[in-house]
Amino acid sequence: MTSLRSLRPLLLASLAVALAACGGEAVKPTLPTTTVVTPPVAAPKVRIGIALGGGAAKGFAHIGVIKMLEANGFQPEVVSGTSAGSVVGALYASGMDSFAMQKQAFALDEASIRDVSLFSGGLVKGQKLQDYVNQLVGGKSIERMRRPFAAVATQLETGERTVFVRGNTGQAVRASSSIPGVFEAVPIGKYHYVDGGVVSPVPVDAARQLGADIVIAVDISSKASGKNPGSVLGNINQSITIMGQKLGALELARADVVIRPSVNEIGPADFEQRNNAIMEGERAALAAMPQIRAKVAQWQKARVDEAVAARRAADRAAEQAKLQAQCAESDKKWMSKLRRDPQCEALANQGAIATP
């Protein structure tokens, strides 16, 4: 009995130490933490599309625009064209560069693409134009072009916009270029087709549908003269021009960059002005280079920001899942339940892990 009394102080002291260890300022277990570092994201390549508008002989300006784009390191990857734009677009999509197209433009004999037909629905049949284009593209169909290409025409029976992305290249260009009253309507299947400028003077939407990230539109359409024509025929022509302007403006607003060569003084049949038209295209494209570079940089920055945000979100989700697994494993130990890590406690409060 005496020996037990002598041991009591020692037992009480030991119990006090044990209780202090359990309920005092004990060091809580801490889970290892990692710092998530997001590696830099390379700027993605932008896919540039070019939408070439209609304008008859003014269309030679498209060659000058493409020449300046190539000279400044921009290679359009998709091409859409209306009317004269479909002619240049088909040649470029086939693999010709701007210098090869310029050579063909200077060598062009107007008689080689004009087949007069006085007793039909138009003055020009258009078969020669079809054959000329097919010869220059090596007989390749649209789907076999080196670049994705679309020729835009108007379905005469319904007025619907038709985008040719497969089939006979020359025939599609002929349909896209068949100006009502000048060319015969082109029969394809059970429908007839006329100039794409009736519904889509500058085919921005077609270029976007081909997969372009940035669309550069080239507008060579006639503009209102700012003067009273002073005649019945002049009034009609001016009214048609204004209608075309208003129609084209709606689609041009959806382009990223619009290039407008100064070719308003070149008439629809002024083929002798081809060199001037090419030079005006060069000047206009060169003036647009700062805007094009800014649009490309803006697009690339937006894509990089999106990629970085997505990667950071994925990293956070992975880190959260790892932490949940660590906390769940830690909670299997009864001492850890008594002294839970603050991160695990926060997850428990959020319902991310079970509360012991």
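Is Phe60 buried or exposed? I looked this up to start: Phe60 has 10% relative accessibility, so I wrote it down as buried (buried means under 20% relative accessible area, exposed over 50%, partly exposed in between, with a 1.4 Å probe and protein chains only).

A note on what I am reading. This is a predicted model, where local features need pLDDT of at least 70 and side-chain atom pairs count only at pLDDT 80 or more, while totals for chains, interfaces and linings use all residues. Residues are numbered from 1 along each chain as its sequence is written, and side-chain values use heavy atoms, leaving out hydrogens and water.

Next I looked for aromatic pairs and found two (rings of Phe, Tyr and Trp, the last by its six-membered ring, pair if their centres lie within 6.5 Å; planes under 30 degrees apart are stacked, over 60 edge-to-face, the rest tilted).

Phe60 and Phe271 have ring centres 5.9 Å apart and planes at 80°, so I noted an edge-to-face pair. I traced Phe60 to the loop between strand 1 (48-52) and helix 2 (61-71), and Phe271 to the loop between strand 8 (257-259) and helix 9 (274-330), 211 residues apart. (Helices, H or I of at least four residues, and strands, E of at least two, are DSSP runs numbered from the N terminus.) Phe271 is buried at 13%.

Then came Phe164 and Tyr193: their centres are 5.4 Å apart and their planes at 70°, so this pair is edge-to-face. Phe164 sits in strand 4 and Tyr193 in strand 6, 29 residues apart. I found Phe164 buried at 12% and Tyr193 buried at 7%.
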